[in-house]
Amino acid sequence: YLLFKRLDRKGRKNVTLICLLLAPIGCFLLGFSRGSWLPSIIGLTILFPFITALDISIGTWTQDLLPEDERGKFLGIINIGKAAGQAPGALLAGWIADVFEDTLGVYAVFILTGIFLLLAIPAFLKVPETIYK
């Protein structure tokens, strides 16, 4: 709730960067938990709100950047791109889980996710803010 209020007051970039910094903490906790109950619950408790807020802030930011009279067309293209990106992601996640089967197993996927979230920060730093005071 606090992140969503901040989204409209402080800007999309601010919330996106906060989420990109904090969501990987949950990913890494999950990744190294190896199925242990407490670290998994703590990791999920950190991961879910920040991933949800990240999705909403990026979606809002994207709509701000699109031409108002062509948003439907552009959002359709973006949705197709998201759907097409899920197949390679699932294949890569399966491969990672197989490679680390003896050590982390399926949980290695969360570590990879956390790394990708951190690697996304420089790209979002380049996108202009859409909330101007």
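User: Is C19 buried or exposed?

Analyst: Buried means under 20% relative accessible area, exposed over 50%, and partly exposed in between, with a 1.4 Å probe and protein chains only. The relative accessibility of C19 is 0%, so C19 counts as buried. This is a predicted model, in which local features need pLDDT of at least 70, side-chain atom pairs count only at pLDDT 80 or more, and totals for chains, interfaces and linings use all residues. Residues are numbered from 1 along each chain as its sequence is written, and side-chain values use heavy atoms, with hydrogens and water left out. For C19 the answer is buried.

User: Which cysteine sulfur is nearest to that of C27, and how many disulfides does the structure hold?

Analyst: A disulfide is a pair of cysteine sulfur atoms within 2.5 Å. For C27 the nearest cysteine sulfur is that of C19, 12 Å away, and C27 is in no disulfide. The nearest sulfur is C19's, and the number of disulfides is 0.

User: Why is the pair of W61 and F124 classed as it is?

Analyst: Rings of Phe, Tyr and Trp (its six-membered ring) pair if their centres lie within 6.5 Å; planes under 30 degrees apart count as stacked, over 60 as edge-to-face and the rest as tilted. The centres of W61 and F124 are 5.9 Å apart and the planes lie at 25°, so the class is stacked.
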